[in-house]
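Work through the exercises below with the model open. Each task is followed by a solution in steps.

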Amino acid sequence: MMKKLVLGLVLAAVAVGGSAFTTPKKSIVENFLIQPLTGIFLRVTTANGGCINLLSTLQCRYAVTSAGRLYIPAQAWYTNEDIISFLNAGYIEEMQVTANGIYLII
């Protein structure tokens, strides 16, 4: 009976410890998140291109910070809730838009 208990504890420890070695989620490499459709954000390398924020309380373009490149998971698209979470965590920053172009403030 004691051997079964010890064996059960060992197997449980291996199962818990083994989960620590799973492959981490891939993070993004792009520099910007843009909103091509209301409520949907995509990751892009440059901030040029179609971007709207009709009926949205969020900005159209966001610059990804160095922390964001580490912690924003690579997904096909992001929701408004994701963007708010990334802003609060410091993973993205609002971009300043000028008449002559878009600039990343570092």
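Buried means under 20% relative accessible area. The model is a predicted one.

**Exercise 1.** Decide whether Tyr62 is buried or exposed.

Solution. Tyr62 has a relative accessibility of 0%. The cut-off for buried is under 20%, so Tyr62 counts as buried. Phe41, with a relative accessible area of 0%, is buried by the cut-off as well.

**Exercise 2.** Classify the ring pair of Phe41 and Tyr62, and find where its members lie in the chain.

Solution. The structure holds 4 aromatic pairs. In the pair of Phe41 and Tyr62, the ring centres are 6.0 Å apart and the planes meet at 55°. Planes under 30 degrees apart count as stacked and those over 60 as edge-to-face, so this pair is tilted. Phe41 belongs to strand β2 (residues 40-44) and Tyr62 to strand β3 (residues 61-64).

**Exercise 3.** Which elements give two or more residues to the largest nonpolar core?

Solution. The largest nonpolar core has 11 residues, among them Phe41, Tyr62, Ile72 and Phe86. Two or more residues of this core come from each of β3 and α3 (80-89). Leaving out residues up to four places away in sequence, the contacts of core member Ile72 include Leu33, Val64, Phe86 and Ile92.

Conventions. Residues numbered from 1 in each chain as written. Predicted model: local features only at pLDDT ≥ 70, side-chain atom pairs only at ≥ 80, totals over all residues. Heavy atoms only, no water. Phe/Tyr/Trp six-rings, centres within 6.5 Å; stacked < 30°, edge-to-face > 60°. Helix = DSSP H or I, 4+ residues; strand = E, 2+ residues; numbered from the N terminus. Buried < 20%, exposed > 50% of the residue type's maximum accessible area, 1.4 Å probe, protein only. Core = buried A, V, L, I, M, F, W, Y, C linked by side-chain atoms within 4.5 Å. Contact = heavy atoms within 4.5 Å.
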